[in-house]
Structures are given as structure tokens and as C-alpha cells.
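Here are some notes for a colleague who is opening this structure for the first time. They begin with one chain, then take up the contact between the chains and a few single residues.

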Amino acid sequence: MFLSGIVLLLLAAGCSSNTGASPASGNPGPEQAAFIAAANDCKDMNLTDNEDIGTFYLTSSQGCVFTKTLVHLNDSEMQGMKTMLEGTNMTCSYTQGNFDSRWVTSLVGGMEYCNGDLKDAIAKLTIFTT
Amino acid sequence: MIRGALCIVILFALIVPVVADYSSQPWSWNTYTGTVTWWVTVTEDQSACSGPVLTNRYSVPIQFNAGSAVMGDVGHGSAGGTFTSENILHIDGRTVADPPGESALSPYDVQFSPDCSAFTAKYTWAYTGSDGNCEGSTSLSGKIASDSCPSSSAATLIPTVAPASGEYLTSEIASAHEDLTTDLGSRLDRDVVTSMLNNGWIRKDTADPIIAGDTATINAIEPKVEGEYQAILAKDPTNFWANSDMAELRKSQGIWDGSDGYFGYMDKALSNTNIAADTAKTIRDNIVAQYNLAQWPDPSDSAFMDRLERDVHSDQDVHGTNIQSTSTGTSSSDTLSLKEFLTFGSGKSVADAFTDVFKKLAYQ
């Protein structure tokens, strides 16, 4: 019964799940590339994306909605930064075939089409850039 | 050192036009007719309901009508009252919806200061609802948003002769900005609910009324907002606040290009390089205080900021426009970083940040 429940959940989600370490911004790593391809087709997919700055959890859905959650920021960051960013997320809607890969590979690229407290926290931090 | 002195000079130049010039003669609100905008600190004591003591600041209009007045919403809806003396407005007790229950509000007096610049008031409330009953109080402390008392029986606070700086438009900008914030809040709410609906996180019969309500609010308030800002820009075409707010409105509407689009208004706003630089500094200070940051986040000691710095410079394409190439805001790091914030932040988030900056100027 328990196993069939899990199978049903997986079928319902129609998804695959990955955990991958990714390179810094720019070109996507293999796991990121696989996620981008699935998201571009509006498939259910998730990825725990371990980057050098922290851990992101990415999902895409059949409704063509992408979510990005900053799960964990590096321990070396100021506590205030962790308070500001950890647990925040942003949601980006798109049409099939028009997924913006920068949502995965960049902190800011394509963010004008997204909403959420992660977007607003990152935007606030851009005012400290030079 | 020079930069610090420059900032002080800039701040002084900003503040001088709005330095208080309140009435030295006793002022009587009970003979005045017109709408006046106030910055109101609202402290709601919910401790008897096992809740917190909440303090918020709002921009609130009060419509005076020679002997009576209607106070805008300070948390329990707008309320009308009558003057019992020159500067005491009496508001009767009433019961208001407070979902899932209702609150019975006590009668109270709004005591205006004789120099016209401030008021205080306090009322108690008793909440009854399916989730329990409790009592609390709400205190109000208002400060007039303009730099002087309104002229006698004037409908607005616009001087007949416009100073060159355009900074006299304080009350008009405060009123328009309040409407814009309401509008952008509705737009953000609608976008979030629509996204939740598309993702199957919310039922259609739940989402549809919310979306319809937000749309109704947007359709009702946006023509008013645009009218308010166009009136300001007709008098002061390069006004920083009006142009930056119009930029946020256009961004939220998805109108990016042309002189009537986001980039056009943003460029005009950032052409006020001194105000833009000072605003950027104030927003930074506010963020540092809000998140209790030990210091300004810096790429040299933060991997996240280092990555953000690189991404901001490599991902300059926003809705098909390289924001580095827009005409202004690239001459200094302050204006450039403000441009990044204006562009990447949600309209509501930027409007809220500007409200805080505006309040700081109004309170000085």
C-alpha cells in the first residue's frame, strides 16, 4: 500500500528528480541542462542544485510554471544575509518552448518575468553592487 | 570626506524646500475645506488578544469640509466626524467588519495641534468572532505631509507660483504614491494568484474571485494614478519621484519601451543624478537596518554578492534592452545600482522602498 502510494505519487508528478553540483553562473551543468530541457517542454521536474554559493531547489510543472527556492546559503555569509535569503522563492510563468535558461544559470537574468520574495531580496541586494 | 560633505549638501538641498513652515498663528481646522495628506503612525495594541503591539506608518488623506471631516483608512476603514471645537474632531463609535468577526470601535476625539502640523488620537476596540473575543486599542499620531499649513479653504496644496525645484509637490506625490502602492499590490496579488492557478496550487473557484477583485481595483485606480502623475509631470517634467513611480507602473503593466514606457521614465528619473544617488544610499541604509546586516554586503567578503556582482554585469538584457545602454544612470555606481534595483525589483517592492525614503524626507 505504501509502495503503491509512492508509485502513484511519482506517476502523478510525472517527474524525475536530480541532485547535482553545478558550475558558477554562465553555461549550465549537465543536471541543469537536463532540467532546462524538461522545463522548456513544461514537464514536471525538480532539481536540488548545489552551487558554490548555496543550495537551490528548482521545480517546473505542466502548467509552465518554474519555481526557484534558495534553500541554504553558505555558512560563511552574514546572518542577516541568511535571514534575508534562505527559504525565499520566486515563481516564473512562461509558455512552452520559451523557458528562459537564465532562471537556472543566473541570479538575475530573466527575473523581470518572475515574482516572489527571492526576486525582491535579490533585487534589494543589487543596490549594493557597483 | 568630500563625498560625505557632498551628501550633506545634497540632503540639505533636498530638505530645505520642505522645511516646516507651519502657522505661527492658531490654526483652525473646523473652518477649512479641502483634502490634506498626513503621514500617520498607527500603533495597534493586541496584547490582550495574545497578539503583538504593531506599529505601521501610512499616508492617510483627511477630507475637511468646514465643520466636519472624513478620515481615511487607518486600519478600520474610513470614518466621518464633526468638529466640537476649532481643532477637535469627534468620531462616533461604530461597528466594522473584521473577518471572521467584527469589531466595535469606541468613540474618540482627534486632537489637532494649533500650528496645523500634527494630530493625535486613540480609540479602543472590542473584537467578537468565531475565533474568540478580545479587546485592544489603536493610537494614531499624524504629521502633515506638506511643508506648511494649507492655504485658507484651498482644495489643494499647490502653490500658485511653482518653485524651480519642483519639490513643493510633496503632498501630491504622497497621494499619488499611495494610490500607486495600492495598485501595484493588487497587480502583484493577481500575478501570484494567477501563477498559483496555473500551477494547480489553488482551485479555480477560489482564484477567480480574487483575480476579478484585483482586476476591478486595478481598472478603477490606474486611470486615477496616471492622472495624478501626469498632473505633476506637467508642472515638473523631470520630477524624480513622479518619473520613477511611472516607471514602476509601466513595468508592472509590461510596457517597457518608448518615452511612455519603463525605460523612458526610468531614464528621466535617473537624470536627477544627485537625488538618485542620495535615494540609493538611503535605500541601502534602510536595507541594512531592516535585515540587521552587520555591514554593507560586499563581494570581497560574500560569495553570494560576488556572484551577484558578476551576474548583474553579464545579464544586462532586460526585456530585450541592454540596461547598460540606456541613456542615464551609468555615470556613477550609485545611479547604476539604483537602476538595477528599479529594474529587477517587483513594482510593489520598489514602491515600498520609495515610501520609506519619502517618509524619511517628510519627517525631517
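What percentage of the contacts in chain B with a separation of 6 or more comes from residues 24 or more positions apart? Such residues account for 60% of those contacts, where contact means heavy atoms within 4.5 Å.

1. Basis of the values. This is a predicted model, in which local features need pLDDT of at least 70, side-chain atom pairs count only at pLDDT 80 or more, and totals for chains, interfaces and linings use all residues. Residues are numbered from 1 along each chain as its sequence is written, chains are lettered from A and ligands numbered from 1 in the order in which they are written, and side-chain values use heavy atoms, with hydrogens and water left out.

2. Chain B overall. Chain B contains nine helices and twelve strands; helices (H or I, at least four residues) and strands (E, at least two) are DSSP runs, numbered from the N terminus. Of its 364 residues, 49% count as buried. Buried means under 20% relative accessible area, exposed over 50%, and partly exposed in between (1.4 Å probe, protein chains only). The accessible surface of chain B is about 16,000 Å², and 55% of this belongs to carbon and sulfur atoms. Accessible areas come from the Shrake-Rupley method with a 1.4 Å probe, and for residues only the protein chains shown count as cover.

3. An enclosed helix. Helix H5 of chain B (residues 262-270) has eight of its nine residues buried, so it is largely enclosed by the rest of the structure. Among the buried residues are Tyr262(B), Phe263(B), Tyr265(B) and Met266(B). The buried residues of H5(B) pack against several elements of chain B, including helix H3 (204-235), helix H4 (240-253), helix H6 (273-290) and helix H8 (333-344). Strand E11 (317-318) and strand E12 (321-322) also belong to that list.

4. His177(B) and Thr355(B). His177(B) sits in helix H2 (residues 170-198) of chain B, and Thr355(B) in helix H9 (residues 347-363) of chain B. Both are buried: His177(B) has 6% relative accessibility, and Thr355(B) has a relative accessible area of 13%. They are 178 residues apart along the chain, yet their C-alpha atoms are separated by 7.7 Å. Their side chains make a polar contact at 2.7 Å. A polar contact is a pair of N or O atoms within 3.5 Å; within protein, one must be able to donate a hydrogen and the other to accept it, and residues adjacent in sequence count only if both atoms are side-chain atoms. The His177(B) side chain also reaches the backbone oxygen of Ala351(B) at 2.9 Å. Leaving aside neighbours within four places in sequence, His177(B) is in contact with residues including Tyr229(B), Asp245(B) and Phe354(B), while Thr355(B) is in contact with His177(B) and Thr181(B).

5. The contact between the chains. Chain A gives 41 residues to the contact and chain B gives 44 residues. The area buried between them is about 3,900 Å², of which carbon and sulfur atoms give 64%. Buried area is the accessible area (1.4 Å probe) that two parts lose on being put together, summed over both. Lys124(A), Ile127(A) and Phe128(A) supply 19% of the area that chain A buries against chain B, more than any other three residues.

6. Which residues form the salt bridge? The side chains of Arg307(B) and Glu51(A) meet in it, at 2.6 Å from N to O. A salt bridge is a side-chain nitrogen of Lys or Arg within 4 Å of a carboxyl oxygen of Asp or Glu. The count between chain A and chain B is one salt bridge, and there are twelve residue pairs in polar contact (both at pLDDT 80 or more).

7. Backbone points to check. Cys64(A) has a phi near 60 degrees, a positive value in a residue other than glycine. Cys64(A) lies in the loop between strand E3 (54-60) and E4 of chain A and counts as buried at 12% relative accessibility. Ala66(B), also not a glycine, has a positive phi of about 40 degrees. Ala66(B) is in the loop between strand E2 (53-65) and E3 of chain B, and is partly exposed, with a relative accessible area of 47%.
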